[in-house]
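Please read the points alongside the sequence and model shown here.

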Amino acid sequence: MRTNKIIVAAAILALGLLAVPLYFTSTFILHMFTLVFFYIALTAAWNIPAFGGKFSLGHAAFFGLGAYAASILYVKYGISPLIGIFAGTVCAMLGGVILSFPLIRLKGPFFTLASIAFAEVLRMVAIDWRSMTNGSVGLNIPFKPGWLNLTFTSGMPFYYIALGLAVLVILLAWWIRSSALGYHLRAAAADEDAAKALGINTAKSHFFALMWSSGLTGMIAVFYVFYNYVLEPGTAFSMDLFSLQPAMNGIIGGMGTVWGPVIGAIIMTPLGEFLRFYLGTIQQGLNFVVYGLMLIAVVNFVPGGIVSLMAPWFKKKKSGESSARDN
Amino acid sequence: MDDLLVVRNLTKNFGGLAAVSEVSFEVRRGEILGLIGPNGAGKTTLFNLISGLLASNQGSIKLEGEDLTKMPPYRRSAMGVGRTFQVVRPFDMTVLENVMVPIFAHYKSAKEAKGKAYEILEMVRLENMADSMPSSLTLAQRKRIEVARALATKPKLLLLDEVLAGLNPSEVAENLPLIRQVRDSGVTILFIEHLMDAMMAISERVLVMDQGALIACGTPDEVTSDQCVITAYLGEEAPEC
Ligand SMILES: Nc1ncnc2c1ncn2[C@@H]1O[C@H](COP(=O)(O)OP(=O)(O)OP(=O)(O)O)[C@@H](O)[C@H]1O
Ligand SMILES: [Mg+2]
């Protein structure tokens, strides 16, 4: 009975989301939705290592790697971004391989610090490697509409692309969390020593989590850049936009859960945009003050994130499932 | 008799402190071997060395002739070394899921893992708690989750670190037979316990550690009448051990 209700609700939601571009012709609203979807995808990807308790503040590194790989291929060599999607994914994963050394060796905040440093170093490289990246001027994606160029005359295709990405990454995150890897990560997050003693190669689990996370982030970045047309080191490797924002979304929504990133991104993306544009004009960095206060509030009053406030609803669903198994 | 585990000259220093020093002993296949000693004697450290969570400074550990000394913990687990922890810290997931975690090493599908985990929960009589969160269980039950999780790795040798500590007498009476039952299912047991009565009741042989060294080994009766052991427990300087 209950599962039927959920399916019906999901179907209505899906139809509603699919119909949004048909009813809201305002580019602003469409843009907001698209941005929320992008951030749901980015946050859900960021959240995969967090299943294992690993807290990254360096995901801008993977974003930048994916974005630059596809853009350089397109702008400098005329290679279609459809191929760039794979190149971006692979480049970001290579970045993940590098970050996996501190990931496996360093505990808690030390890994987080290493991840920040990693993204910052790559930002410097992007600024200095002028022959490839045009330095701090950045690269412009030429406006040549067509699917092969991932360039469109309206915002509608990207609305659906971003929606698709969000759904894809949520499904992948859900699948990972309920697979062996997910259980191993959750065990390592709770007690790394106990997990090891129970036969889990925790280093391998953390590594695979980072591979998924970095690859997906790089892939999302390719679409994001072609949505925005411009790319420069300060944006592509932006600590604010692509390291802090997904992490904030994750914490506020509920780190290490499947739905936390979704809730976090829905609440924080419009808020983040608002704060950056309106408070940012008053005083740069004022948005961080608000973030800081929100973080303190959430960590103190709802440490499990907003999703934990909805736990009773999820629990009901769970007991429904288990009684189904008993039958 | 057939030795399952052979430990030779095992040593672990923490700075200037020799937490385990030159310890040598064997665990015979199928036995229940007790390990006792005053607080800080190095018992848990010895378990950490055998399970691989700590690297030894010196010495060797062999299971069925295979050298474990340099293996990472997950490989030792695969070889058949299982353990529980003195401080129980169940994973933040249901009781059933806690037991599923190690089973995933053998069965990749969640469905199979669930079935196997359920069987193990029945063995430790937690099947009614399968869908509960560990935080809602009593200490005695949480200690049984530890045992269930360790059993789920299909150990040949099970290291139990104070699975009875902190339990009231009726809980001890409830959990104690479990140890023997596990042994009877074919698992060799090395267990640390402070509760002397319980220890004497179920172990065939007992090792005694004090200040990192192994000071005695024998049947419960032999060990309790050993002069070195008595002085170690009374806290006096041992004359000649
Ligand atoms: N990781 C560590 N770093 C430094 N010293 C340690 C560490 N682990 C244990 N020790 C020290 O080694 C000694 C042996 O500790 P261990 O935990 O092995 O004792 P134990 O016999 O298990 O005691 P108890 O009966 O209280 O559990 C103690 O002095 C302890 O303080
Ligand atoms: Mg101890």
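1. With which residue does R89(B) form a salt bridge? The partner is D191(A), and the closest N and O atoms of the pair are 3.0 Å apart. A salt bridge is taken here as a side-chain nitrogen of Lys or Arg within 4 Å of a carboxyl oxygen of Asp or Glu.

2. The model is predicted: local features need pLDDT of at least 70 and side-chain atom pairs pLDDT 80 or more, while totals for chains, interfaces and linings use all residues. Residues are numbered from 1 along each chain as its sequence is written, chains are lettered from A in the order in which they are written, and side-chain values use heavy atoms, without hydrogens and water.

3. Over all chains the structure holds 12 salt bridges, and the count between chain A and chain B is two. E97(B) pairs with R186(A) in a salt bridge whose closest N and O atoms are 3.9 Å apart. Since E97(B) lies in helix α3 (residues 95–103) of chain B and R186(A) in helix α8 of chain A, this pair joins two chains.

4. The contact (heavy atoms within 4.5 Å) takes 21 residues from chain A and 25 residues from chain B. About 2000 Å² is buried between the chains, with 66% given by carbon and sulfur atoms; buried area is the accessible area (1.4 Å probe) that two parts lose on being put together, summed over both.

5. Across the interface of chain A and chain B, five residue pairs are in polar contact, both residues being at pLDDT 80 or more. A polar contact is a pair of N or O atoms within 3.5 Å; within protein, one must be able to donate a hydrogen and the other to accept it, and residues adjacent in sequence count only if both atoms are side-chain atoms. On the side of chain A that touches chain B, α8 (180–190), α9 (192–197) and α16 (311–326) each supply at least two residues. The largest share, six residues, comes from α8(A). Helices are DSSP runs (H or I, at least four residues), and strands are runs of E of at least two, numbered from the N terminus.

6. The second largest pocket is lined by 25 residues, and those nearest its centre are T235(A), D240(A), L241(A), R276(A) and F277(A). A pocket is an open set of points on a 1 Å grid over the protein atoms alone, where a 1.4 Å probe fits, with protein on both sides within 12 Å along at least five of seven lines; lining residues have an atom within 4 Å of a point. In this lining, α13(A) gives the most, with five residues.
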